[in-house]
Structures are given as structure tokens and as C-alpha cells.
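Dear colleague,

I am handing over the structure we spoke about, and below it you will find a short account of what was found. Please read the account with the coordinates open beside you.

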Amino acid sequence: MDNYQHDKGMLVSILQDIQAEYNYLPEEVLVEVSQVLGAPLSQVYSVATFFKAFSLEPRGRYLINVCLGTACHVRGAVKVLEAIERELDIKAGGTTKDLKFTLETVNCVGCCALGPVVIIGGEYYGQMKTDKVKALLENYA
Amino acid sequence: MNKLSSPDELEKLRKSIIKRRDPNKPCVTICGGTGCLALRGERVITAFNQEIKRQRLETKVDVRVTGCPGFCERGPLVVIKPQNIFYQRVGEEDVPEIVSETVLKGNIIDRLLYPDPNTGKKIIYEPEVPFYEKQKRLIIGNNELIDPTTIDDYLAVGGYTALSKVLFGMSPEEVIGEVKKSGLRGRGGGGFPTGVKWETCRRAPGDTRYIICNCDEGDPGAFMDRSLMEGNPHSVVEGMIIGAYAIGGHQGYVYVRNEYPLAVRNARIAIKQAEEYGLLGKDILGSGFDFSIRINRGGGAFVCGESSALMASLEGKVGEPRAKYVHTVEKGLWDKPTNLNNVETWANIPLIINRGADWYAEIGTPRSKGTKIFSLVGKVNNTGLVEVPMGMTLREVIFDIGGGIPKGKKFKGVQTGGPSGGILPESLLDLPVDFDELTKVGSMMGSGGMIVMDEDNCVVDIAKYFISFLEGESCGKCVPCREGLKRMREILTDITEGRGEEGDIELLERLSTVLIDGSLCALGTTAPNPVLTTIRYFRDEYEAHVRDKKCPAGVCKELVTYQIIEEKCPGCGLCVKACPVEAITFMGKKKPVVLDQEKCIKCGACYDVCKLGAIAIK
């Protein structure tokens with residue numbers, strides 16, 4: 001938080017960094033953020049739950065983000081998402097029991113020309129099709 | 001590097017940069033935008049660096065990783081200068097050959113050339129590619145000339161000339177006058193005249209004024225702001241400093257989506273470099289004018305693109321909009337007058353100052369000036385970013401530049417303006433694209449998303465998609481938007497799942513009126529547009545869903561069945577393997593497979609895997 005001069009206005013950025021570090025926002029860290037910034041815990045909590053990018057639950061080692069932006073949608077992103085859900089036996093928002101994958105959806109990552117796009121652990125995979133899903137996930141075995 | 005303390009020093013530095021560069025020296029430019037990187041462009045970049053080193057060519061050949069030139073469909077893109085030889089879909093394995101043959105000997109490698117999809121003719125030089133030929137790339141064109149992480153590259157193409165001209169030759173009022181005269185309108189969606197906004201902010205009472213760059217590009221399907229921030233961040237920074245000078249602000253913010261990590265990184269680098277050169281910070285170029293910029297990252301909320309919600313988020317609060325009886329130019333961030341423009345708008349400013357308002361106003365239509373960058377995506381051959389003068393027709397953009405619809409399918413509609421816009425049918429293809437024309441037909445310019453749909457897309461499904469998106473993104477503060485969108489989504493879901501009833505279409509129209517009249521911010525007031533335009537232009541498709549319980553496009557799962565076309569099925573068994581629920585049975589070689597409708601979950605795996613078109617969706 002020193003990086004941000006304890007500036008309340010940088011709350012979203014601070015939470016981003018914490019999440020990047022821990023993979024989620026642990027409760028005790030949120031309490032600390034509120035104390036250090038002098039912002040009520042309720043405010044920290046409301047910001048942490050308002051924005052889609054934050055998670056209050058621990059997440060898997062690899063975060064899978066399926067882009068459901070319009071361009072991906074018209075090219076069949078939902079089918080790809082369903083194929084991943086079947087393959088991992090979890091629903092979007094869920095984490096596999098072995099804490100290996102968390103499956104989430106995102107509304108556009110700006111790779112619209114390559115849709116449907118799936119991002120696994122920061123690696124982008126463009127022009128995805130249902131029949132490529134299995135092999136792709138096996139790379140992360 | 002010492003800070004530059006006068007315009008002369010800036011020009012001296014620029015001259016020395018240009019002098020050091022030999023325009024005839026071979027240079028490999030590789031796109032380093034998110035699109036090409038997603039296509040493993042990183043490996044191509046590494047391969048080039050290694051190969052140049054291996055052949056000991058470091059002093060003879062430059063390698064430049066640039067921003068996105070826009071033609072993402074064909075990435076990774078490589079251009080060999082000075083000849084401008086254009087290679088597409090380059091893999092790391094092609095790199096040694098490119099260096100030995102093309103860079104050193106000037107020989108063309110045929111297989112890497114772009115084949116014109118209509119004539120099959122291979123095109124060698126970048127400017128001759130039809131995708132680029134009809135564009136007017138005033139804003140995005142520099143992306144491919146510069147390495148966005150090197151300020152010297154921006155200076156070499158005339159960067160910060162406009163800033164120096166403004167600080168030492170124009171009064172703030174003159175700058176505002178110039179921007180007003182240019183006719184520039186906000187590129188973020190609303191299309192509000194930029195100069196007027198600046199003037200109102202300048203005149204608003206108070207001592208402190210804030211300048212914001214909105215790079216929270218939430219419109220799913222649009223990525224021009226990402227591309228500009230990644231590919232040419234200094235043009236945005238320069239625009240912001242000029243705006244700050246004109247308005248009288250000393251603190252600026254760039255609010256950027258965290259989903260755009262490369263844009264965050266490049267903006268940070270650009271700001272730091274500009275500070276080191278004395279182009280940002282105290283006493284810019286010795287003019288006495290101070291201005292600094294901070295970066296804030298968003299957390300994935302569409303509504304934060306709305307100015308008052310964005311400002312709430314900047315204050316560390318939940319990103320909810322407020323009623324704007326008092327505009328943000330008067331009371332914005334921390335209740336101070338605040339001027340917010342989006343990335344593309346800011347990037348237009350240096351151009352207007354350099355070339356003059358009169359020159360700029362010559363481009364475009366009477367009420368929409370300049371060029372606009374569109375993200376041409378979806379079911380179109382050449383997807384990517386397209387910059388054209390305002391007023392070009394949809395047909396020219398989609399068919400001449402975009403190369404038409406893939407696989408010979410039929411055009412159905414084009415969505416402009418993102419979730420707040422509408423879907424326009426074939427009969428409107430000759431509509432000139434500008435702010436007012438699009439509004440007239442029930443859509444809007446928005447930030448410039450242009451999503452093309454073909455006969456395989458269902459408009460009711462698309463309308464449901466946008467309403468679900470907006471329902472999720474609605475902040476929930478006002479009732480019409482929060483509850484109205486939920487009801488609309490429920491009705492649309494019923495229609496797409498075969499439970500539609502007579503009167504549903506009319507009910508959707510009535511609900512839409514409530515949202516338009518009663519919502520707090522533009523998210524709600526424009527939300528019904530996708531529904532209203534699809535009802536207006538594709539009513540028969542809605543009726544097919546409601547009355548006949550059929551989805552003509554074959555998208556809505558509950559209304560379709562998958563069927564094996566026996567004449568076309570050679571019994572190869574690919575679909576049998578692909579089917580996750582064992583609904584397809586192998587009947588022996590050269591015999592068509594059999595699909596059990598009871599077991600079929602309509603996942604589409606068989607359809608995707610079949611190369612022979614032997615599976616039909618009816």
C-alpha cells in the first residue's frame with residue numbers, strides 16, 4: 001500500500017495487487033486494508049464485491065477465463081464454455097476439487113478478432129472450438 | 001537524460017534521433033499487440049531476436065516490436081522495411097528463412113504472403129492489402145511505425161510537436177477554439193462536441209480541475225482504445241496534456257481496465273518516459289505549466305465507463321453512477337470540475353493541433369468530423385481494427401474492407417454501438433456511418449464496435465445476450481434498470497426456450513419505454529436498443545420463436561434438433577468420439593451413424609467436428 005501513498009482513491013488498484021498475490025482476497029487482508037487506509041471495512045467490502053474481477057474465495061492454480069464478449073458470442077463462445085464445464089465437471093464460477101482450475105467468464109478481453117478466446121493462466125488461445133477443449137486442458141495436467 | 005526545458009531542445013533532440021536513424025536500414029517490425037501475442041507472436045519476436053544475434057546482424061538490422069496495426073485476423077504480422085513486405089500468420093519456424101532470404105537478399109517468401117480472398121492474388125506490399133487500402137489511418141496508422149515503449153520512436157514521427165506549439169504559441173482559449181472548430185465529437189459513445197465540453201469545464205467555478213482519460217473500454221466487441229493505449233500511448237498522453245493546458249487542470253488520471261494488462265504496462269512506461277523528458281510534471285518544456293498523470297485500474301465493471309460511475313470508482317467507492325443534474329464538467333471527481341474524454345478522442349487532439357481545424361473538418365460528414373476506428377469483428381473475413389472517414393457506408397466497411405462474410409454465408413445484420421446500440425439489417429447496408437445517421441435508425445455509434453452476424457446467428461439470442469450482459473452489469477441503484485432488465489431477460493429466455501406467448505413482443509416494447517424514460521444513467525436508457533432494433537427489423541424471427549416454436553437460425557437449443565444427413569455421412573466416426581454423452585452410434589464403415597435424440601444434449605460437439613457438413617441443425 002506504500003506504493004499508492006495510502007491513497008483511498010487507489011483502493012481498486014490495491015485490491016488488484018492483493019488478488020494477484022494471493023489469487024483471492026482473504027478476509028484478514030481486507031481488514032488490514034481498511035485499517036491502513038482509514039476506510040470503513042464496509043466500503044472495502046462493497047468495492048471488493050461490486051467488481052467482477054474480485055473473488056473472496058480461494059481459487060484454483062490456473063484461472064480459466066472464457067471470453068463471452070459479443071464477438072466471441074456470435075462465434076460460439078457459449079458452446080466452448082459448456083464444453084469446458086463438461087470436461088472439468090464444474091460450472092462457470094466454480095473451482096475443481098483438486099484446486100487446479102477455476103473457471104470464470106469475462107465480458108471481452110479485446111481480442112475480438114480472434115474469437116472465441118479462452119485464457120488459461122494468462123496464456124491466450126484464440127479461435128477456440130469445442131473439439132480443441134480436451135487437448136488444451138490436458139496441456140495443464 | 002536531462003529534462004527538456006525549451007521547445008528548441010525538443011526539436012534538437014528530435015533531429016538527433018532522426019539523424020541517427022537510417023531510413024534504408026532493414027527493419028523487421030513485428031506486431032506486439034494483444035491479438036498477435038494471443039497467436040503466439042511472443043515466440044516470433046524471440047525467434048527474430050535470436051536469429052539476428054545468431055547471424056551477427058545486430059548492427060545491420062533493426063527489430064522493432066510495434067503496436068497493433070489492426071489486421072488481427074492474419075496475425076502474427078511481420079513487415080519488413082524499407083520495402084514494406086507484408087508477411088502474415090508468421091510462425092517461429094519461418095523466422096530463419098525470413099532473415100536469410102527476405103531481410104538480407106530481398107527475396108519474397110510466397111507462402112507467407114496474404115492472398116486476396118476474392119481474387120486469390122498474393123499481395124506483397126503492405127499498403128496494397130485491400131484491408132488497408134480503403135482505410136484512412138490517421139490515428140491508428142502510427143501504431144505500426146513505433147515501439148510504444150520507446151518515446152524516441154514517437155518523437156521521430158513528430159510526437160509532442162503539437163504540445164510544444166500549444167504551450168508556446170496558443171492561449172488556452174485558442175486551443176479550445178481550434179478543437180471546437182474541428183468539429184471533433186467524443187469517441188466514447190455519446191458523441192458530445194469535445195471543444196464545448198472543454199469550454200464548459202474551463203468556465204466552471206473553482207480552482208482545481210481534473211482531466212480523465214477513459215480507457216475502461218467495457219463494450220464487449222470493441223478494442224480500439226486498448227490498441228491505441230498499447231500501441232501509441234504517447235499520442236494519448238500528449239492529447240491529455242494539451243487538454244489540461246486548455247482547461248486549466250494540473251492532475252490527470254488514466255482509468256484503464258485491468259483486463260488490458262499490456263495497455264496498463266505501456267501507459268505506465270509512457271508516463272514515466274514523458275516525465276523523464278520533462279514533458280509531464282512541473283514546468284513542462286520550460287513553459288511554467290504543470291501537469292501530471294496517474295493510472296487507476298478498473299475492476300471489470302461495464303458501468304464504470306459511465307463518467308460519474310468512473311469518478312466514484314476513482315474516489316475508491318463503488319462504481320455507481322449518479323443523476324447528472326449537475327454535470328461532471330462542473331462537479332465531477334472529488335466534486336471538482338472534471339473533464340473526461342475517451343482514449344480515441346484524446347488521440348485525435350495532437351492531429352487537430354498539428355494539421356489545423358480546417359484540415360480536420362474537411363474529413364467526414366457535415367456533423368461528424370474526422371475518422372473513426374471501428375472494431376470489425378464477428379462473421380466477417382477480415383476482422384480487425386478499421387479506421388475510416390465518417391460517412392463511409394456500412395457496406396463499404398463490411399464488404400470492401402472486411403471482405404464480406406466467410407464461407408459464402410448470407411449477411412444477416414450488424415451490431416453497432418455495443419450493448420447500447422442496435423442490430424441493423426441488410427436493407428440499411430448503404431447507410432453512411434456517422435453519429436446522427438446511426439441514431440436515426442435506432443442504433444448508435446457507441447465506441448465503434450461493429451459486430452457482423454450471418455444467417456447462423458439468431459437475433460433473439462443476440463438480444464438476450466445483450467440484455468443478460470446489461471442485467472449483470474447494471475449497478476442496481478435505480479429500479480427501472482435493475483428490475484426492468486431482469487424482466488426483459490426472463491421474457492427473452494422464455495421466447496428462446498419455447499415458452500413465448502402472444503403479446504410478449506409488445507410487452508418487451510412497453511418495458512423498453514419504461515427503461516428509456518426512467519433509468520438513472522445511459523446504461524439503462526440505452527439498454528433496450530438491441531431489443532427494439534431487432535423487433536423493428538427482424539420481427540418475423542421473434543414471431544417464429546413465439547408462434548412456431550422454431551429458431552430459424554438454429555441457435556436456440558430448446559427449439560432445434562441435431563440430425564444426421566445420411567447421404568453425406570460416410571460413417572467416419574469422428575462425431576462418435578466427440579459426443580460427450582454417447583448419443584451417436586457407429587454402425588460400421590461407410591454406413592451413416594445414428595443419433596439418439598433422447599440422449600442428445602445439443603452441445604454441438606458433433607457439428608463442430610464434422611468436416612463434411614453431414615450434421616444439420618433444424
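The model is a predicted one, and I begin with chain B, where all six of the six residues of strand 13 (residues 411–416) are buried, so this strand is largely enclosed by the rest of the structure. Strand 13 of chain B is joined to strand 15 (residues 449–454) of chain B by five bridges, with the two running antiparallel, and within this pairing B:Gly413 has B:Met453 as its bridge partner. Strand 13 of chain B also pairs with strand 14 (residues 422–425) of chain B, again in the antiparallel sense, over four bridges, and here B:Val414 stands opposite B:Leu424. Strands 13 and 14 of chain B form a hairpin with five residues between them, and in the turn B:Gly417 has a positive phi of about 80 degrees.

Turning to chain A, there is an open sheet of four strands in the order 2-1-3-4, with mixed pairing. Strand 2 (101–106) and strand 4 (123–125) of chain A stand at the edges and have a single partner strand each, which means that one side of each is left without a neighbour in the sheet. From one strand to the next, the twist averages 20 degrees.

Within that chain, strand 1 (residues 62–67) and strand 3 (residues 118–120) of chain A pair in the antiparallel sense over three bridges, and A:Ile64 has A:Ile120 of strand 3 as its bridge partner. Helix 5 (residues 77–88) of chain A lies across strands 1, 2 and 3 of chain A, running at about 150 degrees to strand 1.

With best regards

How values were computed:
Residues numbered from 1 in each chain as written. Chains lettered and ligands numbered in written order. Predicted model: local features only at pLDDT ≥ 70, side-chain atom pairs only at ≥ 80, totals over all residues. Pairing = 2+ DSSP bridges. Axes fitted to C-alpha atoms, helices over the stretch in contact; angles between N-to-C directions. Contact = placed C-beta atoms within 7 Å. Buried ≥ 20, exposed ≤ 12 C-beta atoms within 10 Å, placed from the backbone.
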